Amino acid sequence: MTRRTLVAAVMGCVVLAAASCAGPERPTATADGKDAASTSASPAPSATATPTVDAVAAARERMTAAATGRDAPGPEGLLVAAESTGGALFVWESSDGRFCHGTATGVGVTSVACFTRPHTPPVGKEPRLVPLVRMMATGWNVVFGAEHETVESVTCDGVPVRVKDVGVMADGRRSVHAVEFPDLTLGTVSVRVRRGSRVVTETLALETFAKKDDARFASCGEPTS
């Protein structure tokens with residue numbers, strides 16, 4: 001995966017940082033010197049302030065200016081995966097079918113990251129969830145795709161988590177969704193999906209790098225390592 005204009009910026013008390021589509025990067029320090037992944041009281045959905053239309057529009061304008069050349073959005077444009085008063089996380093497909101994501105803040109700091117090959121990851125033949133982005137942006141943001149199934153709900157240890165329906169990609173064969181937590185959250189969430197007349201529950205990893213039972217961070221479900 002290539003990286004362009006990878007810059008970290010403080011967005012209120014939240015760090016915006018570029019991350020690989022294949023997995024997250026370690027959290028960056030916040031302006032008060034504390035680790036961005038300091039212990040959270042509970043892995044509840046993020047409580048960031050409600051963004052204004054102008055704030056999101058400004059972030060979109062800056063993202064459009066940053067994502068240029070072969071990394072520019074294709075016909076579907078930029079999809080908003082997460083937003084706050086300080087900026088937004090976007091995902092998109094380039095004109096040649098490569099998955100990209102990026103962040104933009106109200107003060108003009110941007111990051112862009114794209115896969116080097118089109119249709120990565122490829123759409124599978126069987127129903128599945130596909131992790132796409134795990135990073136600190138407007139909170140701890142996890143963007144994932146669903147193939148050959150419909151996402152109905154997400155829970156963390158039985159507690160409902162707000163799911164944002166971001167859009168569709170891969171010629172309509174992959175729906176894209178996002179969940180957000182206030183801070184780095186370990187473990188897995190349960191995703192209830194519908195496959196025709198059947199309803200099943202799948203698990204989605206919120207990260208892939210933390211040590212098992214790391215008590216410093218909030219967590220959901222089972223540890224991933």
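Is S111 buried or exposed? At 2% relative accessibility, S111 is buried, a term for residues under 20% relative accessible area, with exposed meaning over 50% and partly exposed in between (1.4 Å probe, protein chains only).

## Basis of the model

This is a predicted model, in which local features need pLDDT of at least 70 and side-chain atom pairs count only at pLDDT 80 or more, while totals for chains, interfaces and linings use all residues. Residues are numbered from 1 along each chain as its sequence is written, and side-chain values use heavy atoms, without hydrogens and water.

## Surroundings of S111

S111 belongs to strand β7; strands (E, at least two residues) and helices (H or I, at least four) are DSSP runs numbered from the N terminus. Its side chain makes a polar contact of 2.7 Å with that of T103. Such a contact is a pair of N or O atoms within 3.5 Å; within protein, one must be able to donate a hydrogen and the other to accept it, and residues adjacent in sequence count only if both atoms are side-chain atoms.

## Aromatic pairs

Two aromatic pairs are present. Rings of Phe, Tyr and Trp (its six-membered ring) pair if their centres lie within 6.5 Å; planes under 30 degrees apart are stacked, over 60 edge-to-face and the rest tilted. The F99 and F115 pair is tilted because the planes stand at 55 degrees, with centres 6.4 Å apart. F99 lies in strand β6 and F115 in the loop between β7 and β8, 16 residues apart. F99 is buried at 3% relative accessible area, and F115 is buried at 15%.

W140 and F209 form an edge-to-face pair, at 6.4 Å centre to centre and 75 degrees between planes. Because W140 lies in strand β9 and F209 in the loop between β15 and β16, this pair ties together parts 69 residues apart in sequence. W140 is buried, with a relative accessible area of 0%.
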